[in-house]
Amino acid sequence: MTGRSVKARQVLKLGMIDDAVPNSILLETAAADAALAHASGEQLASASRVI
């Protein structure tokens, strides 16, 4: 780790995250993803920190 900042688009392009959404729809998106995972029996990956 270098401690330098990385833009969300760059992290998405590198495949380090699955999705990037604006703060204005973050909770709705997270709830929808959790509902879909629950309905299909999947377990969500846990994260120690949300960036």
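1. Leu12 is partly exposed in this predicted model. Its relative accessible area is 35%, which falls between the cut-offs of 20% for buried and 50% for exposed. The residue belongs to helix H1. Leaving aside residues up to four places away in sequence, Leu12 touches Ile17, Asp18, Asp19 and Ala20.

2. Leu14 is exposed, because its relative accessible area of 56% is over the 50% cut-off. Leu14 sits in the loop that runs between helix H1 (8–13) and helix H2 (26–40).

3. Leu12 and Leu14 are both part of a nonpolar surface patch, together with Met16 and Ile17. The accessible area of these four residues together is about 380 Å². Ile17 is also one of the contacts of Leu12 listed above.

4. H2 has 15 residues, and at 1.5 Å a residue these should span 21 Å.

5. Gly41 follows H2. The phi angle of Gly41 is positive, near 80°.

6. For the protein chain as a whole, the secondary structure consists of two helices and zero strands. The chain has 51 residues, of which 6% are buried.

Definitions and conventions. Residues numbered from 1 in each chain as written. Predicted model: local features only at pLDDT ≥ 70, side-chain atom pairs only at ≥ 80, totals over all residues. Heavy atoms only, no water. Patch = residues over 30% accessible without salt bridge, like charges linked within 9 Å, V, L, I, M, F, W, Y side chains within 5 Å. Areas by Shrake-Rupley, 256 points an atom, 1.4 Å probe, with all protein chains shown as cover. Salt bridge = Lys/Arg side-chain N within 4 Å of Asp/Glu carboxyl O. Helix = DSSP H or I, 4+ residues; strand = E, 2+ residues; numbered from the N terminus. Buried < 20%, exposed > 50% of the residue type's maximum accessible area, 1.4 Å probe, protein only. Expected span 1.5 Å × (residues − 1). Contact = heavy atoms within 4.5 Å.
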